[in-house]
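Hi,

Here is the structure I promised to pass on.

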Amino acid sequence: TKSGGRFNYASLDAGAIIMAANPEAKGVTKLLIEDRDAYTLSPCEARKWLVVGLSEDILVDTVIIANYERYSSTVKEFQVLGSHEYP
């Protein structure tokens, strides 16, 4: 799928999967679709994290995150790590 004219390798349509996430999170696969009415729920006090597996090796030069839910908390810290193997 395209996002801003670029291909989104981290989408379900591109074969991406959620390999792991914090146990309190509900509906984490919704993070991989572009439906603004679908969202993931996680308690405010939980340490939120996830591992996204891409269907092919790529060189990541841009990461886009979005929060379309008005009444949810915002991202305070964001870290991207890469690896050819999991774990």
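Let me start with a quick one: where is the place of D37? D37 belongs to the loop between strand 3 and strand 4. With a relative accessible area of 66%, D37 is exposed.

Mean pLDDT for the chain is 90, with 95% of the residues at 70 or more. Confidence is highest in strand 3 (residues 17–21), at a mean of 97, and lowest in strand 1 (residues 2–3), where the mean is 62. Where pLDDT is low, the predicted coordinates should not be read in detail.

Now the charged side chains. The count of salt bridges comes to one: D61 and R6 meet through their side chains, at 2.7 Å from N to O. R6 is in strand 2 (residues 6–7) and D61 is in the segment after strand 4, so this pair ties together parts that are 55 residues apart in sequence. As for solvent, D61 counts as exposed because its relative accessibility is 57%, over the 50% cut-off. R6 has a relative accessible area of 41%, so R6 is partly exposed.

Another arginine is worth a click. R36 lies over the face of Y68, 4.0 Å from the ring centre.

On to the rings. Searching the whole structure turns up one aromatic pair, made by F7 and Y9. Their centres are 4.7 Å apart and the planes are at 70 degrees, and the pair is edge-to-face. Both partners fall in the middle class for accessibility: F7 is partly exposed at 43%, and Y9 is partly exposed at 30%.

Last, the nonpolar surface. Which residues make the nonpolar surface patch of about 910 Å²? They are L31, L50, V52, L54, I58, V60, V63, I65, V75, F78 and V80. One of them, V52, is in strand 4 (residues 50–53).

Cheers

Key. Residues numbered from 1 in each chain as written. Predicted model: local features only at pLDDT ≥ 70, side-chain atom pairs only at ≥ 80, totals over all residues. Heavy atoms only, no water. Phe/Tyr/Trp six-rings, centres within 6.5 Å; stacked < 30°, edge-to-face > 60°. Buried < 20%, exposed > 50% of the residue type's maximum accessible area, 1.4 Å probe, protein only. Lys NZ or Arg CZ within 6 Å of the ring centre and 35° of its normal. Patch = residues over 30% accessible without salt bridge, like charges linked within 9 Å, V, L, I, M, F, W, Y side chains within 5 Å. Areas by Shrake-Rupley, 256 points an atom, 1.4 Å probe, with all protein chains shown as cover. Salt bridge = Lys/Arg side-chain N within 4 Å of Asp/Glu carboxyl O. Helix = DSSP H or I, 4+ residues; strand = E, 2+ residues; numbered from the N terminus. pLDDT = per-residue confidence, 0-100.
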